[in-house]
Amino acid sequence: MTNLLWLQGGACSGNTMSFLNAEEPTVCDLIADFGINILWHPSLGVELGVNLQKLLWDCISGRITLDILVFEGSVINAPNNTGEWNRFADRPMKSWLTYLSKVAKYIVAVGDCACWGGIPAMSPNPSESEGLQFLKRQKGGFLGKEFRSKSGLPIINIPGCPAHPDWITQILV
């Protein structure tokens, strides 16, 4: 069984919906045929509040193995690098990303925003947005240019706005 956690960053839901429209393979195929256990997804996750926080902390602590961390949307650092403009489960999303990226075997950036910052990262960039491992065309981004997941790989980028649904499911397989 492969555990997958899908998080949504700044102002993006197109890739969440694109994923649900995949045909080859479908999301149901991922679960039934490929053994992917979706721990949480913005449209499919049932945990909220304290239960969601517990799930996230269980992944961070290793009580639940996190095989694939999927992130869509830009990483919002505003204001003043606090990330407070994008809160999730009672803390800045960038805080969850910092912890979860250290324990995930693979990290997948879905969509232009997660890959390189997308439109939110364009000048003047008041949200201080960036991608996971790129800011526009420059290596670096939120996790830095030398970042490697537990598997030893850099971020796996699936560009597009939104990304093609079958690209997402095929890469997850």
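## First stop: the rings

Select Trp-57, Trp-96 and Tyr-99: ring pairs link these residues into a cluster. Rings of Phe, Tyr and Trp (its six-membered ring) pair here if their centres lie within 6.5 Å; planes under 30 degrees apart count as stacked, over 60 as edge-to-face and the rest as tilted.

Quick note on what you're looking at: this is a predicted model, where local features need pLDDT of at least 70, side-chain atom pairs count only at pLDDT 80 or more, and totals for chains, interfaces and linings use all residues. Residues are numbered from 1 along each chain as its sequence is written, and side-chain values use heavy atoms, leaving out hydrogens and water.

How many aromatic pairs does a search of the whole structure find? Four. Trp-6 belongs to strand S1 (residues 2-8) and Phe-19 to helix H1 (residues 14-20), so the pair ties together parts 13 residues apart in sequence. Helices (H or I, at least four residues) and strands (E, at least two) are DSSP runs, numbered from the N terminus.

Are Trp-6 and Phe-19 buried or exposed? Both are buried, meaning under 20% relative accessible area (1.4 Å probe, protein chains only), with exposed being over 50% and partly exposed in between.

Now zoom out and show the whole protein chain as a cartoon: six helices and 11 strands. Buried residues make up 49% of its 173 residues.
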